Amino acid sequence: MKILKLPKEKLDFFASVVQQFGEVHAPVEQDGQYVFKRLNRWSEARLDYNRTILPPKKYFLPQREVMFRYRPEAGYQPETEGLDKRLVLFGVHGCDIFALNILDQVFAGQYPDPYYQARRKNIAVIGVRCDPDEHCFCRSMRADFVDHGFDLFFYDVGDYYLTLVGTARGDDMALATSPLFQPVTQADIDLYKRRSWAKREAFKLDIEIRHLSEIVEMEYHSGIWDELGERCLSCGACSMVCPTCYCFDVTDDVELGSVAGRRTRTWDSCLFSTHALVAGGHNFRDSRASRIKFRYYHKQRGFVAEYGRPSCVGCGRCIAACPVHIDITEVINQLRGLLDARSQ
Amino acid sequence: MSATEKRILIVDDDADLTAGLAFFLEQHGYTVLVAHDGREGLRLARMELPHLVVMDIMMNERTEGLFTIQEIRHTPELKNLPVFVLSALYEQVPDFRIAPEAGWMAHDEFFHKPVNMPRLLERIRLRIGPDVPKEVPA
(Lines give C-alpha, C1' and ligand atoms only; values in the text may rest on other atoms or scores of the structure.)
Protein backbone atom coordinates (compact mmCIF):
# COMPACT_ATOMS: atom_id res chain seq x y z
CA MET A 1 0.00 0.00 0.00
CA LYS A 2 1.38 3.37 -1.02
CA ILE A 3 1.62 5.94 1.79
CA LEU A 4 1.99 9.67 1.16
CA LYS A 5 1.89 12.86 3.18
CA LEU A 6 -0.32 15.85 2.43
CA PRO A 7 0.18 19.18 4.22
CA LYS A 8 -3.15 20.23 5.74
CA GLU A 9 -2.97 23.68 4.23
CA LYS A 10 -3.15 22.06 0.80
CA LEU A 11 -6.27 20.04 1.46
CA ASP A 12 -8.49 22.62 -0.27
CA PHE A 13 -6.44 22.35 -3.44
CA PHE A 14 -6.43 18.58 -3.18
CA ALA A 15 -10.23 18.57 -2.93
CA SER A 16 -10.46 20.97 -5.87
CA VAL A 17 -8.31 18.81 -8.07
CA VAL A 18 -10.10 15.55 -7.22
CA GLN A 19 -13.31 17.11 -8.49
CA GLN A 20 -12.23 15.66 -11.82
CA PHE A 21 -13.06 12.25 -10.34
CA GLY A 22 -16.60 13.29 -9.44
CA GLU A 23 -18.78 15.71 -7.61
CA VAL A 24 -17.28 16.19 -4.14
CA HIS A 25 -19.59 15.46 -1.20
CA ALA A 26 -18.48 15.80 2.41
CA PRO A 27 -19.91 16.25 5.91
CA VAL A 28 -21.50 19.68 6.26
CA GLU A 29 -22.95 21.18 9.43
CA GLN A 30 -26.71 21.54 9.42
CA ASP A 31 -28.65 22.72 12.49
CA GLY A 32 -25.93 21.56 14.85
CA GLN A 33 -25.67 18.12 13.26
CA TYR A 34 -23.83 16.84 10.22
CA VAL A 35 -24.97 15.57 6.85
CA PHE A 36 -23.12 14.36 3.80
CA LYS A 37 -23.91 16.69 0.93
CA ARG A 38 -22.40 18.26 -2.15
CA LEU A 39 -19.91 21.02 -1.41
CA ASN A 40 -20.46 24.42 -2.90
CA ARG A 41 -17.18 25.57 -1.47
CA TRP A 42 -14.44 23.81 0.44
CA SER A 43 -15.00 25.69 3.72
CA GLU A 44 -18.38 23.95 4.08
CA ALA A 45 -16.62 20.63 4.70
CA ARG A 46 -16.35 19.67 8.38
CA LEU A 47 -13.82 16.89 8.66
CA ASP A 48 -13.89 17.23 12.46
CA TYR A 49 -17.50 15.99 12.62
CA ASN A 50 -18.56 13.29 15.07
CA ARG A 51 -21.13 11.48 12.92
CA THR A 52 -23.53 12.33 10.13
CA ILE A 53 -27.28 11.89 10.70
CA LEU A 54 -27.49 9.41 7.84
CA PRO A 55 -24.54 7.22 6.96
CA PRO A 56 -22.93 7.16 3.52
CA LYS A 57 -25.13 4.17 2.62
CA LYS A 58 -27.67 6.75 1.38
CA TYR A 59 -25.45 7.20 -1.68
CA PHE A 60 -25.26 3.50 -2.46
CA LEU A 61 -28.74 2.43 -1.42
CA PRO A 62 -30.93 5.54 -1.77
CA GLN A 63 -33.94 5.92 0.52
CA ARG A 64 -36.16 5.49 -2.49
CA GLU A 65 -35.27 4.42 -6.01
CA VAL A 66 -37.09 3.29 -9.13
CA MET A 67 -35.67 -0.06 -10.18
CA PHE A 68 -37.43 -0.45 -13.51
CA ARG A 69 -40.42 0.65 -15.50
CA TYR A 70 -42.75 -1.56 -17.48
CA ARG A 71 -44.98 -0.86 -20.41
CA PRO A 72 -46.74 -3.39 -22.68
CA GLU A 73 -45.11 -2.17 -25.88
CA ALA A 74 -41.61 -1.79 -24.41
CA GLY A 75 -41.47 -4.50 -21.79
CA TYR A 76 -39.26 -4.03 -18.74
CA GLN A 77 -36.85 -1.12 -18.83
CA PRO A 78 -34.26 -0.97 -16.06
CA GLU A 79 -33.85 2.43 -14.49
CA THR A 80 -30.25 3.44 -15.03
CA GLU A 81 -30.44 7.19 -14.58
CA GLY A 82 -27.86 8.42 -12.13
CA LEU A 83 -26.14 5.07 -11.74
CA ASP A 84 -23.13 6.27 -13.71
CA LYS A 85 -22.82 9.53 -11.81
CA ARG A 86 -19.34 9.88 -10.41
CA LEU A 87 -19.04 11.16 -6.87
CA VAL A 88 -16.21 11.60 -4.42
CA LEU A 89 -17.28 11.03 -0.81
CA PHE A 90 -14.75 12.98 1.17
CA GLY A 91 -14.26 12.43 4.89
CA VAL A 92 -15.86 9.05 5.55
CA HIS A 93 -15.09 7.60 8.98
CA GLY A 94 -13.48 4.19 9.31
CA CYS A 95 -16.58 2.60 10.85
CA ASP A 96 -18.73 3.79 7.94
CA ILE A 97 -16.24 2.35 5.45
CA PHE A 98 -16.33 -0.86 7.45
CA ALA A 99 -20.12 -0.73 7.10
CA LEU A 100 -19.81 -0.33 3.33
CA ASN A 101 -17.60 -3.41 3.27
CA ILE A 102 -20.38 -5.24 5.10
CA LEU A 103 -22.98 -4.01 2.61
CA ASP A 104 -20.66 -5.21 -0.16
CA GLN A 105 -21.05 -8.72 1.20
CA VAL A 106 -24.83 -8.39 1.07
CA PHE A 107 -25.21 -6.64 -2.29
CA ALA A 108 -22.25 -8.09 -4.14
CA GLY A 109 -22.41 -11.62 -2.80
CA GLN A 110 -24.73 -14.45 -3.72
CA TYR A 111 -27.36 -12.14 -5.21
CA PRO A 112 -25.47 -9.25 -6.81
CA ASP A 113 -27.45 -6.04 -6.85
CA PRO A 114 -26.61 -4.11 -10.06
CA TYR A 115 -27.83 -0.78 -8.68
CA TYR A 116 -25.66 -0.97 -5.57
CA GLN A 117 -22.70 -2.31 -7.50
CA ALA A 118 -22.85 0.43 -10.13
CA ARG A 119 -22.85 3.09 -7.44
CA ARG A 120 -20.06 1.42 -5.48
CA LYS A 121 -18.01 1.44 -8.68
CA ASN A 122 -18.69 5.08 -9.51
CA ILE A 123 -18.41 6.61 -6.06
CA ALA A 124 -14.92 7.20 -4.75
CA VAL A 125 -14.46 7.00 -0.99
CA ILE A 126 -11.91 9.10 0.85
CA GLY A 127 -11.69 8.17 4.51
CA VAL A 128 -10.59 10.35 7.37
CA ARG A 129 -9.44 9.47 10.87
CA CYS A 130 -11.79 10.44 13.69
CA ASP A 131 -11.91 10.64 17.48
CA PRO A 132 -14.56 8.74 19.45
CA ASP A 133 -17.29 10.59 21.31
CA GLU A 134 -19.64 9.38 24.05
CA HIS A 135 -21.70 7.20 21.65
CA CYS A 136 -18.86 5.53 19.71
CA PHE A 137 -18.09 1.89 20.36
CA CYS A 138 -16.53 0.85 17.04
CA ARG A 139 -13.45 -0.45 18.85
CA SER A 140 -15.65 -2.93 20.72
CA MET A 141 -17.17 -4.03 17.41
CA ARG A 142 -13.66 -4.43 15.88
CA ALA A 143 -14.58 -1.78 13.30
CA ASP A 144 -12.39 1.11 14.43
CA PHE A 145 -10.00 0.69 11.52
CA VAL A 146 -10.24 -0.46 7.92
CA ASP A 147 -7.63 -1.76 5.54
CA HIS A 148 -9.79 -1.79 2.40
CA GLY A 149 -12.97 -0.34 0.98
CA PHE A 150 -11.57 3.16 0.45
CA ASP A 151 -9.72 4.84 -2.38
CA LEU A 152 -7.71 7.05 -0.07
CA PHE A 153 -7.63 7.35 3.72
CA PHE A 154 -6.35 10.44 5.52
CA TYR A 155 -4.80 10.05 8.97
CA ASP A 156 -4.40 13.30 10.82
CA VAL A 157 -0.81 13.61 12.08
CA GLY A 158 -0.49 17.19 13.24
CA ASP A 159 0.14 19.52 10.33
CA TYR A 160 -0.21 16.73 7.78
CA TYR A 161 -2.38 13.87 6.66
CA LEU A 162 -0.70 10.54 6.20
CA THR A 163 -2.51 9.35 3.11
CA LEU A 164 -3.06 5.66 2.46
CA VAL A 165 -3.75 4.71 -1.14
CA GLY A 166 -6.29 1.88 -1.26
CA THR A 167 -7.22 1.43 -4.92
CA ALA A 168 -6.05 2.14 -8.45
CA ARG A 169 -8.50 5.05 -8.53
CA GLY A 170 -6.97 6.33 -5.30
CA ASP A 171 -3.58 6.05 -6.92
CA ASP A 172 -4.86 8.06 -9.90
CA MET A 173 -6.07 10.71 -7.47
CA ALA A 174 -2.69 10.80 -5.79
CA LEU A 175 -0.93 11.02 -9.14
CA ALA A 176 -3.18 13.86 -10.30
CA THR A 177 -2.31 15.77 -7.13
CA SER A 178 1.27 14.53 -6.71
CA PRO A 179 2.85 18.01 -6.53
CA LEU A 180 0.85 18.61 -3.34
CA PHE A 181 2.32 15.61 -1.52
CA GLN A 182 5.57 15.25 0.39
CA PRO A 183 7.68 12.23 1.33
CA VAL A 184 6.80 10.45 4.58
CA THR A 185 9.44 10.62 7.31
CA GLN A 186 10.10 8.31 10.25
CA ALA A 187 8.85 11.09 12.56
CA ASP A 188 5.49 11.01 10.73
CA ILE A 189 5.29 7.25 11.15
CA ASP A 190 6.09 7.51 14.85
CA LEU A 191 3.41 10.15 15.31
CA TYR A 192 0.93 8.03 13.38
CA LYS A 193 1.61 5.10 15.72
CA ARG A 194 1.24 7.25 18.83
CA ARG A 195 -2.05 8.72 17.59
CA SER A 196 -3.34 5.32 16.61
CA TRP A 197 -2.68 4.06 20.12
CA ALA A 198 -4.13 7.18 21.71
CA LYS A 199 -7.38 6.66 19.80
CA ARG A 200 -7.56 3.12 21.06
CA GLU A 201 -7.43 4.44 24.60
CA ALA A 202 -9.91 7.27 24.02
CA PHE A 203 -13.13 5.25 23.84
CA LYS A 204 -15.61 5.93 26.61
CA LEU A 205 -17.91 3.08 25.68
CA ASP A 206 -16.70 -0.46 25.82
CA ILE A 207 -18.67 -3.66 25.37
CA GLU A 208 -17.60 -7.24 25.04
CA ILE A 209 -18.75 -9.05 21.92
CA ARG A 210 -17.07 -12.39 22.59
CA HIS A 211 -19.73 -15.10 22.61
CA LEU A 212 -22.36 -12.44 21.99
CA SER A 213 -24.14 -14.35 19.24
CA GLU A 214 -24.54 -17.36 21.54
CA ILE A 215 -25.71 -15.16 24.39
CA VAL A 216 -28.36 -13.54 22.17
CA GLU A 217 -29.45 -17.04 21.17
CA MET A 218 -29.51 -18.22 24.79
CA GLU A 219 -31.48 -15.16 25.90
CA TYR A 220 -34.10 -15.56 23.20
CA HIS A 221 -36.83 -15.88 25.82
CA SER A 222 -35.41 -13.29 28.23
CA GLY A 223 -37.77 -10.78 29.79
CA ILE A 224 -35.45 -8.01 28.60
CA TRP A 225 -37.15 -8.06 25.21
CA ASP A 226 -40.54 -7.36 26.78
CA GLU A 227 -39.04 -4.50 28.77
CA LEU A 228 -37.52 -3.07 25.59
CA GLY A 229 -40.82 -3.61 23.78
CA GLU A 230 -42.54 -1.45 26.38
CA ARG A 231 -40.11 1.39 25.69
CA CYS A 232 -39.57 1.04 21.94
CA LEU A 233 -41.85 3.21 19.79
CA SER A 234 -41.22 1.13 16.65
CA CYS A 235 -40.34 4.37 14.90
CA GLY A 236 -37.52 2.71 12.97
CA ALA A 237 -35.10 5.61 13.53
CA CYS A 238 -32.36 3.17 14.57
CA SER A 239 -32.70 1.30 11.26
CA MET A 240 -32.81 4.42 9.12
CA VAL A 241 -29.58 5.80 10.59
CA CYS A 242 -27.82 2.43 10.74
CA PRO A 243 -24.98 2.16 8.20
CA THR A 244 -25.59 -1.57 7.72
CA CYS A 245 -29.39 -1.91 7.84
CA TYR A 246 -30.36 -2.72 4.29
CA CYS A 247 -33.99 -3.88 4.40
CA PHE A 248 -36.13 -2.38 1.69
CA ASP A 249 -39.74 -2.66 0.66
CA VAL A 250 -40.72 -3.12 -2.97
CA THR A 251 -43.85 -1.55 -4.41
CA ASP A 252 -45.41 -1.41 -7.87
CA ASP A 253 -47.03 1.83 -8.91
CA VAL A 254 -49.36 1.09 -11.81
CA GLU A 255 -50.65 3.92 -13.94
CA LEU A 256 -54.40 4.42 -13.77
CA GLY A 257 -56.22 2.70 -16.65
CA SER A 258 -53.07 1.00 -17.84
CA VAL A 259 -50.82 -1.94 -17.19
CA ALA A 260 -47.75 0.27 -17.34
CA GLY A 261 -45.98 1.27 -14.19
CA ARG A 262 -42.80 1.25 -12.22
CA ARG A 263 -41.26 -0.79 -9.45
CA THR A 264 -39.74 1.13 -6.57
CA ARG A 265 -37.81 0.12 -3.53
CA THR A 266 -37.81 2.12 -0.33
CA TRP A 267 -35.92 1.74 2.92
CA ASP A 268 -37.83 -0.43 5.34
CA SER A 269 -37.29 -1.32 8.98
CA CYS A 270 -37.85 -4.50 10.92
CA LEU A 271 -39.24 -2.25 13.67
CA PHE A 272 -42.19 -1.30 11.49
CA SER A 273 -45.38 -3.20 12.29
CA THR A 274 -45.83 -4.06 8.60
CA HIS A 275 -42.37 -5.56 8.15
CA ALA A 276 -43.45 -9.14 8.81
CA LEU A 277 -47.06 -8.74 7.73
CA VAL A 278 -47.94 -11.23 5.04
CA ALA A 279 -50.85 -11.93 2.74
CA GLY A 280 -53.90 -13.00 4.66
CA GLY A 281 -53.19 -10.56 7.44
CA HIS A 282 -50.88 -12.72 9.53
CA ASN A 283 -48.01 -10.87 11.18
CA PHE A 284 -45.01 -12.93 12.20
CA ARG A 285 -43.85 -10.17 14.56
CA ASP A 286 -46.91 -8.31 15.71
CA SER A 287 -45.53 -7.03 19.01
CA ARG A 288 -42.93 -4.32 19.51
CA ALA A 289 -41.00 -6.68 21.76
CA SER A 290 -40.76 -9.31 19.02
CA ARG A 291 -39.62 -6.72 16.50
CA ILE A 292 -36.87 -5.17 18.60
CA LYS A 293 -35.70 -8.65 19.56
CA PHE A 294 -35.58 -9.52 15.87
CA ARG A 295 -33.40 -6.49 15.18
CA TYR A 296 -30.86 -7.45 17.81
CA TYR A 297 -31.07 -11.07 16.81
CA HIS A 298 -30.43 -10.34 13.16
CA LYS A 299 -27.57 -7.92 13.67
CA GLN A 300 -25.77 -9.76 16.46
CA ARG A 301 -26.71 -13.37 15.74
CA GLY A 302 -28.18 -13.98 12.27
CA PHE A 303 -25.57 -11.93 10.45
CA VAL A 304 -22.80 -13.77 12.26
CA ALA A 305 -24.14 -17.08 11.01
CA GLU A 306 -24.37 -15.73 7.47
CA TYR A 307 -21.28 -13.56 7.15
CA GLY A 308 -19.05 -14.38 10.09
CA ARG A 309 -19.41 -11.23 12.19
CA PRO A 310 -22.11 -8.96 13.63
CA SER A 311 -23.35 -6.36 11.20
CA CYS A 312 -23.14 -3.63 13.84
CA VAL A 313 -20.03 -1.43 13.49
CA GLY A 314 -20.46 0.63 16.67
CA CYS A 315 -21.00 4.01 14.99
CA GLY A 316 -23.39 5.06 17.77
CA ARG A 317 -26.03 6.52 15.45
CA CYS A 318 -28.84 4.35 16.86
CA ILE A 319 -27.98 5.56 20.37
CA ALA A 320 -27.99 9.18 19.25
CA ALA A 321 -31.21 8.83 17.24
CA CYS A 322 -33.42 6.81 19.58
CA PRO A 323 -36.19 9.06 20.96
CA VAL A 324 -36.61 6.88 24.06
CA HIS A 325 -32.89 6.48 24.69
CA ILE A 326 -32.54 2.78 24.05
CA ASP A 327 -28.80 2.22 24.08
CA ILE A 328 -27.49 -0.86 22.30
CA THR A 329 -24.44 -1.02 24.54
CA GLU A 330 -26.65 -1.07 27.65
CA VAL A 331 -28.83 -3.78 26.12
CA ILE A 332 -25.80 -5.91 25.34
CA ASN A 333 -24.34 -5.35 28.79
CA GLN A 334 -27.71 -6.23 30.29
CA LEU A 335 -27.83 -9.44 28.27
CA ARG A 336 -24.39 -10.36 29.49
CA GLY A 337 -25.26 -9.36 33.04
CA LEU A 338 -28.31 -11.64 33.05
CA LEU A 339 -26.15 -14.52 31.97
CA ASP A 340 -23.56 -13.73 34.62
CA ALA A 341 -26.24 -13.50 37.31
CA ARG A 342 -27.67 -16.88 36.40
CA SER A 343 -24.30 -18.53 36.23
CA GLN A 344 -23.47 -17.58 39.83
CA MET B 1 -31.95 42.71 -25.31
CA SER B 2 -31.31 42.09 -29.03
CA ALA B 3 -31.58 38.67 -30.63
CA THR B 4 -27.83 38.60 -31.17
CA GLU B 5 -26.80 40.09 -27.84
CA LYS B 6 -23.87 38.25 -26.30
CA ARG B 7 -23.83 38.24 -22.52
CA ILE B 8 -20.62 37.72 -20.57
CA LEU B 9 -20.63 37.10 -16.83
CA ILE B 10 -17.54 38.21 -14.92
CA VAL B 11 -17.08 36.58 -11.50
CA ASP B 12 -14.26 38.19 -9.56
CA ASP B 13 -13.92 39.71 -6.10
CA ASP B 14 -11.64 42.47 -7.40
CA ALA B 15 -14.02 45.39 -8.01
CA ASP B 16 -11.39 47.37 -9.93
CA LEU B 17 -10.79 44.47 -12.28
CA THR B 18 -14.48 43.80 -12.88
CA ALA B 19 -15.13 47.51 -13.55
CA GLY B 20 -12.24 47.76 -16.00
CA LEU B 21 -12.96 44.51 -17.78
CA ALA B 22 -16.68 45.23 -17.95
CA PHE B 23 -16.00 48.63 -19.51
CA PHE B 24 -13.59 47.09 -22.00
CA LEU B 25 -15.99 44.34 -23.07
CA GLU B 26 -18.93 46.71 -23.24
CA GLN B 27 -16.89 48.99 -25.49
CA HIS B 28 -16.62 46.01 -27.81
CA GLY B 29 -20.35 45.47 -27.85
CA TYR B 30 -20.84 42.79 -25.21
CA THR B 31 -23.42 42.93 -22.47
CA VAL B 32 -21.64 42.34 -19.18
CA LEU B 33 -22.94 40.98 -15.90
CA VAL B 34 -20.81 41.13 -12.78
CA ALA B 35 -20.69 39.03 -9.62
CA HIS B 36 -18.16 39.29 -6.83
CA ASP B 37 -18.29 35.75 -5.46
CA GLY B 38 -19.08 32.26 -6.64
CA ARG B 39 -22.52 32.06 -5.11
CA GLU B 40 -23.69 35.30 -6.72
CA GLY B 41 -22.05 34.22 -9.96
CA LEU B 42 -24.00 30.99 -10.00
CA ARG B 43 -27.23 32.78 -9.21
CA LEU B 44 -26.68 35.20 -12.09
CA ALA B 45 -25.61 32.41 -14.43
CA ARG B 46 -28.77 30.43 -13.72
CA MET B 47 -30.94 33.50 -14.12
CA GLU B 48 -29.34 35.17 -17.14
CA LEU B 49 -27.84 32.19 -18.99
CA PRO B 50 -24.79 34.10 -20.26
CA HIS B 51 -22.88 33.02 -23.35
CA LEU B 52 -19.55 32.93 -21.53
CA VAL B 53 -18.17 33.28 -18.01
CA VAL B 54 -14.90 34.90 -17.01
CA MET B 55 -14.11 33.35 -13.63
CA ASP B 56 -11.58 34.18 -10.95
CA ILE B 57 -10.32 31.33 -8.75
CA MET B 58 -9.25 32.89 -5.45
CA MET B 59 -12.13 34.92 -4.08
CA ASN B 60 -13.55 34.64 -0.55
CA GLU B 61 -11.78 31.28 -0.51
CA ARG B 62 -8.73 30.46 -2.52
CA THR B 63 -10.45 27.54 -4.28
CA GLU B 64 -13.88 29.16 -4.60
CA GLY B 65 -13.72 29.51 -8.38
CA LEU B 66 -12.78 25.86 -8.79
CA PHE B 67 -15.87 24.71 -6.89
CA THR B 68 -18.04 27.24 -8.72
CA ILE B 69 -16.87 25.93 -12.09
CA GLN B 70 -17.74 22.40 -10.99
CA GLU B 71 -21.19 23.54 -9.95
CA ILE B 72 -21.64 25.11 -13.36
CA ARG B 73 -20.65 21.81 -14.96
CA HIS B 74 -23.18 19.95 -12.81
CA THR B 75 -26.02 22.35 -13.63
CA PRO B 76 -27.82 20.94 -16.69
CA GLU B 77 -28.64 24.29 -18.29
CA LEU B 78 -25.08 25.57 -17.74
CA LYS B 79 -22.92 22.52 -18.23
CA ASN B 80 -21.72 23.56 -21.71
CA LEU B 81 -21.21 27.20 -20.80
CA PRO B 82 -17.69 28.31 -21.84
CA VAL B 83 -15.67 29.24 -18.76
CA PHE B 84 -12.55 31.36 -19.11
CA VAL B 85 -10.49 31.38 -15.96
CA LEU B 86 -8.67 34.57 -15.12
CA SER B 87 -6.46 34.03 -12.11
CA ALA B 88 -3.25 34.85 -10.31
CA LEU B 89 -3.34 31.40 -8.69
CA TYR B 90 0.08 30.31 -9.92
CA GLU B 91 1.64 33.64 -9.01
CA GLN B 92 0.09 33.81 -5.54
CA VAL B 93 0.54 30.13 -4.64
CA PRO B 94 3.86 29.31 -6.30
CA ASP B 95 4.10 25.83 -4.78
CA PHE B 96 0.81 24.82 -6.39
CA ARG B 97 2.37 23.22 -9.39
CA ILE B 98 -0.47 21.39 -11.11
CA ALA B 99 -0.84 22.97 -14.51
CA PRO B 100 -4.29 24.07 -15.69
CA GLU B 101 -3.73 21.98 -18.82
CA ALA B 102 -3.41 18.78 -16.74
CA GLY B 103 -7.09 18.07 -17.23
CA TRP B 104 -8.30 18.63 -13.68
CA MET B 105 -9.82 22.08 -14.05
CA ALA B 106 -13.18 22.06 -15.81
CA HIS B 107 -12.47 25.33 -17.58
CA ASP B 108 -12.19 26.11 -21.27
CA GLU B 109 -9.30 28.54 -21.29
CA PHE B 110 -6.89 29.86 -18.67
CA PHE B 111 -5.46 33.39 -18.53
CA HIS B 112 -2.87 34.55 -16.04
CA LYS B 113 -3.43 37.87 -14.29
CA PRO B 114 -2.63 40.57 -15.20
CA VAL B 115 -4.51 39.68 -18.34
CA ASN B 116 -3.67 40.80 -21.83
CA MET B 117 -7.03 42.36 -22.72
CA PRO B 118 -6.74 42.26 -26.54
CA ARG B 119 -5.75 38.59 -26.30
CA LEU B 120 -8.72 37.85 -24.03
CA LEU B 121 -11.05 39.68 -26.42
CA GLU B 122 -9.68 37.73 -29.35
CA ARG B 123 -10.35 34.43 -27.58
CA ILE B 124 -13.84 35.52 -26.53
CA ARG B 125 -14.65 36.48 -30.12
CA LEU B 126 -13.38 33.16 -31.35
CA ARG B 127 -15.47 31.32 -28.77
CA ILE B 128 -18.81 33.14 -28.91
CA GLY B 129 -18.41 35.55 -31.81
CA PRO B 130 -18.59 39.32 -31.85
CA ASP B 131 -21.61 41.10 -30.52
CA VAL B 132 -22.69 43.06 -33.57
CA PRO B 133 -26.45 43.62 -33.69
CA LYS B 134 -27.85 42.67 -37.09
CA GLU B 135 -30.77 44.10 -38.95
CA VAL B 136 -33.81 41.97 -38.31
CA PRO B 137 -36.08 41.79 -41.43
CA ALA B 138 -39.49 43.27 -40.81
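The legends below describe close-up views of a predicted model.

**View 1. Chain A as a whole, with its 12 helices and 11 strands.** The C-alpha trace of chain A spans about 70 × 65 × 40 Å along its principal axes. A compact globule of 344 residues would have a radius of gyration near 20 Å, and the 22 Å of chain A agrees with that expectation. Of the 344 residues in this chain, 38% count as buried. Where contacts join residues of chain A at least 6 apart in sequence, 73% of these contacts link residues that are at least 24 apart.

**View 2. The two domains of chain A and the contact between them.** The domain assignment gives domain 1 of chain A as residues 3–201 and domain 2 of chain A as residues 212–343. Taken over C-alpha atoms, the centres of these two domains are separated by 26 Å. Domain 1 of chain A brings 31 residues to the contact, and domain 2 of chain A brings 25 residues. On the side of domain 1 that touches domain 2, β4 (64–71) and α3 (94–107) of chain A each supply at least two residues. The residues on that side of domain 1 of chain A divide into 20 nonpolar, 4 polar and 7 charged.

**View 3. Strand β7 of chain A, with residues 123–128.**

**View 4. The partners of β7 in chain A, strands β6 and β8.** Strand β6 (residues 87–92) of chain A is joined to β7(A) by 5 bridges, and these two strands run parallel. Within the pairing of β7(A), V125(A) has L89(A) standing opposite. Strand β8 (residues 152–157) of chain A is joined to β7(A) by 3 bridges, again with the strands running parallel. Here F153(A) in β8(A) is the residue that G127(A) stands opposite.

**View 5. The open sheet of chain B, built from 5 strands.** The strands of chain B follow the order β2-β1-β3-β4-β5, and their pairing is parallel. At the edges stand β2 (31–35) and β5 (109–112) of chain B, each with a single partner strand, so one side of each is left without a neighbour in the sheet. Neighbouring strands of this sheet are turned by 20° against each other on average, direction ignored.

**View 6. Strands β1 and β2 of chain B, with helices packed on the sheet.** Strand β1 (residues 7–11) of chain B pairs with β2(B) in the parallel sense over 5 bridges, and L9(B) stands opposite L33(B) in β2(B). Helix α1 (residues 15–27) of chain B lies across β1, β2 and β3 (52–55) of chain B, and runs at about 165° to β2(B). Helix α2 (residues 38–48) of chain B packs on the sheet and touches β1, β2 and β3 of chain B, its direction making about 165° with that of β1(B).

**View 7. The contact between chain A and chain B.** This contact takes 15 residues from chain B and 15 residues from chain A. On the side of chain B that touches chain A, the largest share, 5 residues, comes from helix α3 (residues 64–73) of chain B. By class, that side of chain B has 5 nonpolar, 5 polar and 5 charged residues.

Technical notes. Residues are numbered from 1 along each chain as its sequence is written. Chains are lettered from A and ligands numbered from 1 in the order in which they are written. This is a predicted model: local features need pLDDT of at least 70, side-chain atom pairs count only at pLDDT 80 or more; totals for chains, interfaces and linings use all residues. Helices (H or I, at least four residues) and strands (E, at least two) are DSSP runs, numbered from the N terminus. The radius of gyration is taken over C-alpha atoms; the globule rule is 2.2 Å times the number of residues to the power 0.38. A residue is buried if 20 or more other C-beta atoms lie within 10 Å of its own, exposed if 12 or fewer, and partly exposed in between; C-beta atoms are placed from the backbone. Two residues are in contact if their C-beta atoms, placed from the backbone, lie within 7 Å. Two strands pair if DSSP finds at least two bridges between them. Domain bounds come from an automatic or database domain assignment. Ala, Val, Leu, Ile, Met, Phe, Trp, Tyr, Cys and Pro count as nonpolar, Asp, Glu, Lys and Arg as charged, and the others, Gly among them, as polar. Axes are lines fitted to C-alpha atoms, for helices over the stretch in contact, and angles run from 0 to 180 degrees between N-to-C directions.
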